[in-house]
Number of protein chains: 2
Amino acid sequence: MFYIIGLGLSDEKDITLRGLEAVRSSSRLYLEAYTSILTVRKERLEEFYGKPLILADRDMVETQSDEILRDAHIQDVSLLVVGDPFGATTHTDILLRARALGIPTRVIHNASIMNAIGACGLQLYNFGQTVSLVFFTDTWRPDSFYDRVRENADLGMHTLVLLDIKVKEQSEENLARGRKIYEPPRYMSILQAVTQLAEVEDARRGGVLVPERTLAVALSRVGGGPDDERIVCGTLAQLREQPPEMFGEPLHSLVIVGRRLHHLEAEKQFSLAWRLGMNEICAETAIS
Amino acid sequence: MFYIIGLGLSDEKDITLRGLEAVRSSSRLYLEAYTSILTVRKERLEEFYGKPLILADRDMVETQSDEILRDAHIQDVSLLVVGDPFGATTHTDILLRARALGIPTRVIHNASIMNAIGACGLQLYNFGQTVSLVFFTDTWRPDSFYDRVRENADLGMHTLVLLDIKVKEQSEENLARGRKIYEPPRYMSILQAVTQLAEVEDARRGGVLVPERTLAVALSRVGGGPDDERIVCGTLAQLREQPPEMFGEPLHSLVIVGRRLHHLEAEKQFSLAWRLGMNEICAETAIS
């Protein structure tokens, strides 16, 4: 059997019992580690499982799926992914490849940011399409997400903005020279995201992401428990003015709040962020 | 500590290790059992946990939250919910009530239909707002969901349609007479859903849910494993013509497919449904 197992959002204890059973029965375990991260390292998972993990980077999952699937028709093999297996397209690809090879498959679901974002107090029903915000470079500043946010905003829907992470990236020079030297991992912060959004609003002038007016919720380490998780709401400008430590450790996510926010929901959002001491900000802006 | 623990989608093994730890440390366990169901009964969970469960119906969660939260500042109390704690509004309410009482809280996330729906092969990014379809009665046939599906469809987005369940409902007569006699639980099937959608299209004539043209994916017991889970795609008319056993046991869900379905995704959807022998249907309709 080939398993794809969602690990959930935080640490080694977020796996399900069904997932852990599959881990224990597997001859080989691959850990996919490029679309998201847990708050614990590979070694901690290995210790917890009592088994070694093979790191599967983007290249491996995309081009060496037959090696990952080797012998999975006669023994159990598992691919472990952060969040849920259907957050990223590539997991569908390897699942289809397994089926084409006649290998039985099973997906073991878990929480992902796509549903755990409900922790901010906004109803999941009222979210529109999700967008990604990538690290801008000197030459690459894609802003098509702006049109998606506007489509959602026009209908009053909220938008989940997934913030870029860069794991195992090569510098242009190392890439050009074929040197397998990798940059340290980078995770986009709320502050960087809000700065980029302001830049795009400046260029597009569509009134969709106006710093002084657009309400957003910043989330850090959703599902990480009271010590780790942060939920902060305010206008984009207010979020930008906060000290970096306000938002805690990565991963960060951002929600652009749509106007389909009835009074009750606004109060809840206010309350959910209250413990961070930003109640004045939320009280002023959420119910407007 | 007051815990709200997501149980995931299928059976007793879908709880996370963190969730099970909280169950074990809790003095009282409440099982919320009205917005969704697992495939196993309360007794199976009790045996598995080695502890009794108190059933919490809608009335109890909404009006007796202080009883649920009793002594949670000095001992652990858990509310177990199917899926993820933030699928339904009421869990936010009780969480806020706990905070108002100064009780520490922790949410333990899990998969819900809102993210596990990715199992159908469509990218979660391209889903718009979610709608609910209730059982039509002689006097109550709400169709405002139609406008929401149209909003999504206009932008090319997919729509997740959550199908009604009725648990612990009273007949009008029993309700009027104050008799606490409850009807057997009912779960809306794909066939009933598709029939209701056709009726609304007939009345509204917006071209949004045209039986012969609109492509949909029917899902049963998402996350239930190869023996239980069914994923079937076709036009609404094709789904309506299938024998009921095609769709397996409840719960059922339906996705109205938007046009933002590039060729690759269509192929995947086709492949994901292939094992049900409906490949001809999908091949004809998905890539059009």
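Let me begin with A:Thr130, whose contacts, leaving aside residues up to four places away in sequence, are A:Met114, A:Leu160, A:Leu162 and B:Tyr125. Please keep in mind throughout that this is a predicted model. Residues count as buried when their relative accessible area is under 20%, and because A:Thr130 has a relative accessible area of 11%, it is a buried residue.

Now let us step back to chain A as a whole. Chain A contains 12 helices and 12 strands, and of its 288 residues, 58% are buried. If we take the contacts in chain A that have a separation of 6 or more, 72% of them are between residues 24 or more positions apart.

The next topic is how the two chains are related. In general, two copies of a chain are related by a rotation about an axis and a shift along it. The same surface serves both copies, since 100% of the contact residues of chain B recur in chain A.

I turn now to an annotation that comes from a record. Under "binding site", an unreviewed UniProt entry lists A:Leu9, A:Asp84, A:Gly87, A:Ser112, A:Ile113, A:Leu163, A:Val222 and A:His252. I will take two of these residues in turn.

A:Asp84 sits in the loop of chain A between strand S4, residues 76–81, and helix H5, residues 89–100. Is A:Asp84 buried or exposed? Its relative accessibility is 3%, and therefore A:Asp84 counts as buried. Not counting residues up to four places away in sequence, A:Asp84 touches A:Gly6, A:His109, A:Asn110, A:Ala111 and A:Ser112, and also B:Asn115 from chain B.

A:Ile113, by contrast in location, belongs to helix H6 of chain A. With a relative accessibility of 19%, A:Ile113 also counts as buried, because the cut-off is under 20%. Its contacts, with the residues up to four places away in sequence again left out, are A:Leu9, A:Leu160, A:Leu162, A:Val222 and A:Ser253.

Finally, let us look at a pair of helices in chain A. Helix H7, residues 145–154, and helix H9, residues 190–204, pack with their axes 11 Å apart and at an angle of about 85 degrees, and H7(A) and H9(A) are therefore roughly perpendicular to each other. Which residues make the contact? From H7(A) they are A:Phe145, A:Tyr146, A:Asp147 and A:Arg150, and from H9(A) they are A:Leu197, A:Val200, A:Glu201 and A:Arg204. Sorted by class, the contact of H7(A) with H9(A) has four nonpolar residues, four charged residues and no polar ones.

In chain B, the axes of helix H7 and helix H9 come within 11 Å and cross at roughly 85 degrees, so H7(B) and H9(B) are roughly perpendicular to each other. Thank you, and I am happy to go back to any of these places in the picture.

Methods
Residues are numbered from 1 along each chain as its sequence is written. Chains are lettered from A and ligands numbered from 1 in the order in which they are written. This is a predicted model: local features need pLDDT of at least 70, side-chain atom pairs count only at pLDDT 80 or more; totals for chains, interfaces and linings use all residues. Side-chain values use heavy atoms; hydrogens and water are left out. Buried means under 20% relative accessible area, exposed over 50%, partly exposed in between (1.4 Å probe, protein chains only). Contact means heavy atoms within 4.5 Å. UniProt positions are given in the numbering used here, feature names are shortened, and annotations may be inferred rather than shown by experiment. Helices (H or I, at least four residues) and strands (E, at least two) are DSSP runs, numbered from the N terminus. Axes are lines fitted to C-alpha atoms, for helices over the stretch in contact, and angles run from 0 to 180 degrees between N-to-C directions. Angles under 35 degrees count as roughly parallel, over 145 as roughly antiparallel, 65 to 115 as roughly perpendicular and the rest as oblique. Ala, Val, Leu, Ile, Met, Phe, Trp, Tyr, Cys and Pro count as nonpolar, Asp, Glu, Lys and Arg as charged, and the others, Gly among them, as polar.
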